[in-house]
Amino acid sequence: MRTKTALVTGSTSGIGRATALKLAQDGTRVVVSGRDARRGGEVVEQIRAGGGTAQFIDADLSEAGAAAELAARATEFAEAAGGSLDILVNNAAIGAGGPTAGTEESIFDRVLSTNLKAPFYLVANLAPAMAARGGGAIVNVSTLAAERALPGLGVYGASKAALDLLTKSWAAEFGPAGVRVNSVSPGPTRTPGSEALGDGLRQLAEQAPLGFVADPGDIAAVIAFLVGDEARFVTGEVISVSGGRTVV
Ligand SMILES: NC(=O)c1ccc[n+]([C@@H]2O[C@H](COP(=O)([O-])OP(=O)(O)OC[C@H]3O[C@@H](n4cnc5c(N)ncnc54)[C@H](OP(=O)(O)O)[C@@H]3O)[C@@H](O)[C@H]2O)c1
C-alpha cells in the first residue's frame with residue numbers, strides 16, 4: 001500500500017506530538033512542525049527509533065506567509081520521498097485570554113493569526129492538490145470553548161468556533177473531490193500547554209460524566225481514526241472527545 005504523508009502542526013508538544021507519534025506508528029510519513037527545533041527534533045528521533053519516517057520543519061504560524069511556506073516545504077518533503085501530502089492536522093494554537101476589556105489588540109491578532117488564519121492558508125495551499133489527486137483528509141483541533149462560554153476564553157473560543165465553521169465549509173467545498181474535513185474537540189487533556197491550569201484542569205474534567213483528565217493519546221487516537229480510510233464516510237463533523245462533557 002502507498003505510504004501517506006501527514007503534516008501535523010504544533011507536533012513538538014502535547015496533542016500534536018501524540019498525533020505525530022500515532023500516525024507514524026500506523027505507517028504514515030510525518031512532518032513534525034512548530035517553532036521549537038529541539039522539541040521537534042526529539043519527536044522526529046522518537047519516530048525514527050520506532051522505524052518510522054519523519055522530518056521537522058520549523059514554522060511560526062503567527063507570522064504572515066508562514067502557512068504558505070510550511071505547506072510548500074511539507075509538500076516538497078513528501079514528493080522527495082516519492083509521495084504526496086495527503087493528511088493535514090491543524091493542531092497548533094495558543095490559548096491566550098483574559099477579560100475582554102483588558103485584551104490587547106496584539107494578543108487578539110496573535111490568537112486569530114495562529115488559530116484561524118494559519119489553518120485557513122494551510123488548507124488553501126494544500127487542499128487543492130489533494131482534490132486534484134482525488135483524496136485527502138484534514139482534521140482541525142477545536143475546543144469545548146468554541147461552543148460554551150468559558151471564563152476568560154472568549155477570543156480563543158471565537159477563533160476555534162470560526163475554525164469549526166470552516167470545517168463544515170471545507171467539507172462542502174472539497175468533499176465532491178474526495179477530501180474529508182472534520183474537527184476534533186478535546187476536553188481537558190494533560191499537556192505542557194494545559195499545565196498552567198493546575199488543579200483547574202481536573203476540576204473541569206470532573207464536570208463531565210467520565211470525570212478524568214485525558215492523556216494526549218486519547219485525543220490522538222480519534223484524530224488518527226478520522227484521517228484514516230475507515231472514516232471514509234465521515235466529513236464536516238465536530239467530534240467531541242471530552243469524556244461526555246457535551247451531554248451535561
Ligand atoms: N490540552 C487541552 O486540555 C486542550 C483542550 C481543548 C483543546 N486543546 C487544543 O489542542 C491543541 C493542542 O494543545 P496542547 O494542549 O497539546 O498544547 P501545547 O502542549 O501547548 O502544544 C501546542 C503546540 O502548538 C505549537 N505552537 C504554538 N504556537 C505556535 C506558533 N505560533 N507557530 C507554530 N506552532 C505553534 C507549539 O509548538 P512550539 O512551541 O514548538 O512552537 C506546540 O507544539 C490546541 O489546538 C488546543 O487549542 C487542548
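S11 is buried, because its relative accessibility is 0%. Buried means under 20% relative accessible area, exposed over 50%, and partly exposed in between, with a 1.4 Å probe and protein chains only. S11 sits in the loop between strand 1 (5-8) and helix 1. Helices (H or I, at least four residues) and strands (E, at least two) are DSSP runs, numbered from the N terminus. What does the side chain of S11 reach? The backbone oxygen of V8, at 2.6 Å.

A word on the source. This is a predicted model, where local features need pLDDT of at least 70 and side-chain atom pairs count only at pLDDT 80 or more, while totals for chains, interfaces and linings use all residues. Residues are numbered from 1 along each chain as its sequence is written, and side-chain values use heavy atoms, with hydrogens and water left out.

Now the ligand. There are 32 residues around the ligand, and S13, R35, N91, Y156 and T191 come nearest. Near here means that a heavy atom of the residue lies within 4 Å of the molecule. By class, that shell holds eleven nonpolar, 16 polar and five charged residues. For the classes, Ala, Val, Leu, Ile, Met, Phe, Trp, Tyr, Cys and Pro count as nonpolar, Asp, Glu, Lys and Arg as charged, and the others, Gly among them, as polar.

Which atoms come up against ligand oxygens? In the side chain of S13, an N or O atom is 2.6 Å from an oxygen atom of the ligand. For the side chain of R39, the distance from an N or O atom to a ligand oxygen is 2.7 Å. G10 uses its backbone: an N or O atom there lies 2.9 Å from an oxygen atom of the ligand. On its own, the ligand has 880 Å² of accessible area, and the protein covers 90% of it. Those areas come from the Shrake-Rupley method with a 1.4 Å probe.

Which elements give two or more residues to the shell around the ligand? Helix 1 (14-25) and helix 5 (154-174).

Stay with helix 5. S159 lies there. S159 counts as buried because its relative accessible area is 0%. Its side chain and that of N115 are joined by a polar contact of 3.2 Å. A polar contact is a pair of N or O atoms within 3.5 Å; within protein, one must be able to donate a hydrogen and the other to accept it, and residues adjacent in sequence count only if both atoms are side-chain atoms.

P119 is found in helix 4. Is P119 buried or exposed? Buried, because the relative accessible area is 4%. P119 and A92 are 27 residues apart in sequence, and their C-alpha atoms are 8.8 Å apart.

A124 is also in helix 4. At 37% relative accessibility, A124 is partly exposed. From A124 to R2 is 122 residues along the chain and 24 Å between C-alpha atoms.

Then A132, again in helix 4. A132 is exposed, because its relative accessible area is 70%.

Last stop, a loop. A101 is in the loop between strand 4 (85-90) and helix 4 (105-133). A101 is exposed, at 83% relative accessibility. C-alpha to C-alpha, A101 and A161 are 21 Å apart, and in sequence they are 60 residues apart.
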